[in-house]
Amino acid sequence: MKHTAVRMCAGCRERFEKTSMIRVARSPEGSAMYDPTKRITGRGAYLCYNRKCIDIARKRRALERALKVNIPDSLWEELGRALEEHTADEVIGSDCRSNTK
Ligand SMILES: [Zn+2]
């Protein structure tokens, strides 16, 4: 069985493959940032690509609690854009998924 890294969504609390989630990382300076590469070292929080989850996490301050930093409005907007871009890719590239390695 192939091992896949699974993370819990801060919104719906369901578990998904790390690669199919939005990552927010805490920088060494102690500020939160969107991490599209998922390679920023340090503490991270995850959200699945779902508008509802972003809204829930924002309302519950789930990312603030997970990362122990303030999440500015600009970051929430950035996450919203990341979601929209991802959703657009899904529609266009839904048949290409098996080709991506
Ligand atoms: Zn979720």
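Reader: How many bridges join S3 to S4, and which way do the two strands run?
Author: In this predicted model, strands S3 and S4 are joined in the antiparallel sense. The number of bridges joining S3 to S4 is three.

Reader: Which residue of S5 is the bridge partner of Ile22?
Author: S3 also pairs with S5, again antiparallel, over five bridges. S3 covers residues 21-26 and S5 covers residues 44-48. Within S5, Ile22 has as its bridge partner Leu47.

Reader: What is the strand order of the open sheet?
Author: The sheet has three strands with antiparallel pairing. S4 and S5 are its edge strands, each pairing on one side only. Ignoring direction, neighbouring strands are turned by 25° against each other on average. The order is S4-S3-S5.

Reader: In what order do the elements of the protein run from the N terminus?
Author: The protein has three helices and five strands. From the N terminus on, they run β-β-β-β-β-α-α-α.

Reader: How confident is the predictor, and which element has the highest mean pLDDT?
Author: Over the protein, the mean pLDDT is 89, and 87% of the residues reach 70 or more. Among the elements, helix H3 (residues 73-93) has the lowest mean, 88. The highest mean, 98, belongs to H1.

Reader: Which element supplies the largest share of the largest nonpolar core?
Author: This core holds 19 residues, and those touching the most other members are Cys9, Ala10, Ile22, Tyr46, Leu47 and Leu63. S3, S5, H1 and H2 each supply at least two residues of the core. In soluble globular proteins, nonpolar side chains tend to be buried together. The largest share, four residues, comes from S5.

Reader: How many of the five residues of S5 are buried?
Author: A residue counts as buried if 20 or more other C-beta atoms lie within 10 Å of its own. Of the 101 residues of the protein, 23% count as buried. S5 is mostly covered, and its buried residues number four.

Reader: Why do the buried residues of H1 count as being on the same side?
Author: The buried residues of H1 are Cys53, Ile54, Ala57 and Arg58. They lie on the same side of H1 because the arc they cover around the axis is only 135°. An α-helix has 3.6 residues a turn, so residues three or four places apart point the same way. The value that settles the matter is the arc of 135°.

Reader: Which exposed residues does the face of H1 turned away from its buried side carry?
Author: The buried side of H1 includes Cys53 and Ile54. The face turned away from that side carries exposed residues: Lys52, Lys59 and Arg60.

Reader: Is Gly11 buried or exposed?
Author: Gly11 is found in the loop between S1 (6-8) and S2 (15-17). Beyond four places in sequence, Gly11 touches residues including Leu47, Cys53, Ile54, Ala57 and Ala62. Because 23 other C-beta atoms lie within 10 Å, Gly11 is buried.

Reader: What separates the C-alpha atoms of Gly11 and Arg51?
Author: Gly11 and Arg51 are 40 residues apart along the chain. In the protein, residues 24 or more positions apart account for 57% of the contacts with a separation of 6 or more. The C-alpha atoms of Gly11 and Arg51 are separated by 9.5 Å.

Reader: Is Arg13 buried or exposed?
Author: Arg13 lies in the loop between S1 and S2. Its phi is near 65°, a positive value in a residue other than glycine. Most residues other than glycine have a negative phi. Because Arg13 has 10 C-beta neighbours inside 10 Å, this residue counts as exposed.

Note on methods. Residues numbered from 1 in each chain as written. Predicted model: local features only at pLDDT ≥ 70, side-chain atom pairs only at ≥ 80, totals over all residues. Core = buried A, V, L, I, M, F, W, Y, C linked by C-beta atoms within 7 Å. Buried ≥ 20, exposed ≤ 12 C-beta atoms within 10 Å, placed from the backbone. Contact = placed C-beta atoms within 7 Å. Arc of directions from axis to C-beta. Pairing = 2+ DSSP bridges. Axes fitted to C-alpha atoms, helices over the stretch in contact; angles between N-to-C directions. pLDDT = per-residue confidence, 0-100.
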